[in-house]
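Visitor: I'd like to go through the charged pairs and the core. Can you walk me through them?

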Amino acid sequence: MVQLRPGDHVPETLVAEHDGVRCMDQRGNGACVALDPATFLCTIYNARPQTCRDFRRGESLCRQILGRPASRRTIPMPITPKNLRLAK
């Protein structure tokens with residue numbers, strides 16, 4: 001789940017609130033609602049949240065959500081601003 005940060009401007013139809021925290025909503029399979037299920041491309045790429053901009057494409061968590069094998073070089077990690085800072 002991608003937590004939205006101040007300054008993120010995504011369509012409200014794609015936002016869910018969990019315990020008072022605004023996040024990108026997810027599909028039943030855990031994929032982000034902004035991810036096109038046919039192409040696996042972000043439908044709001046130019047306006048994607050900062051957390052998505054900081055997230056390295058193809059990391060283990062991304063591959064898990066897409067149902068693809070993870071690389072041995074990456075470590076699974078939740079997509080949160082705090083964890084992205086720790087990974088750098």
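**Salt bridges and core**

Guide: Start with R22 and E12. Their side chains form a salt bridge, 3.1 Å from N to O. Keep in mind that this is a predicted model.

Visitor: Where do R22 and E12 sit in the chain?

Guide: R22 is in strand β2, residues 21–24. E12 lies in the segment before β1. They are ten residues apart, and the pair links distant parts of the chain.

Visitor: Is E12 buried or exposed?

Guide: E12 is exposed, because its relative accessible area is 53% and the cut-off is over 50%. R22 is partly exposed at 34%.

Visitor: How many salt bridges turn up in the whole structure?

Guide: Two, from a search of the whole structure. One of them joins R5 and D54, with the closest N and O atoms 3.0 Å apart.

Visitor: And which parts of the chain does the R5 and D54 pair link?

Guide: R5 is in the segment before β1 (15–18). D54 is in helix α1, residues 50–54.

Visitor: How accessible is R5?

Guide: R5 has 22% relative accessibility, so it counts as partly exposed. D54 is partly exposed too, at 23%.

Visitor: New topic. Which residues make up the largest nonpolar core?

Guide: Nine residues: V2, L4, V10, L14, V15, M24, V33, A34 and I44.

Visitor: What does V33 touch?

Guide: Leaving out residues up to four places away in sequence, V33 touches L14, D25, Q26 and R27. L14 is also listed in that core.

Notes:
Residues numbered from 1 in each chain as written. Predicted model: local features only at pLDDT ≥ 70, side-chain atom pairs only at ≥ 80, totals over all residues. Heavy atoms only, no water. Salt bridge = Lys/Arg side-chain N within 4 Å of Asp/Glu carboxyl O. Helix = DSSP H or I, 4+ residues; strand = E, 2+ residues; numbered from the N terminus. Buried < 20%, exposed > 50% of the residue type's maximum accessible area, 1.4 Å probe, protein only. Core = buried A, V, L, I, M, F, W, Y, C linked by side-chain atoms within 4.5 Å. Contact = heavy atoms within 4.5 Å.
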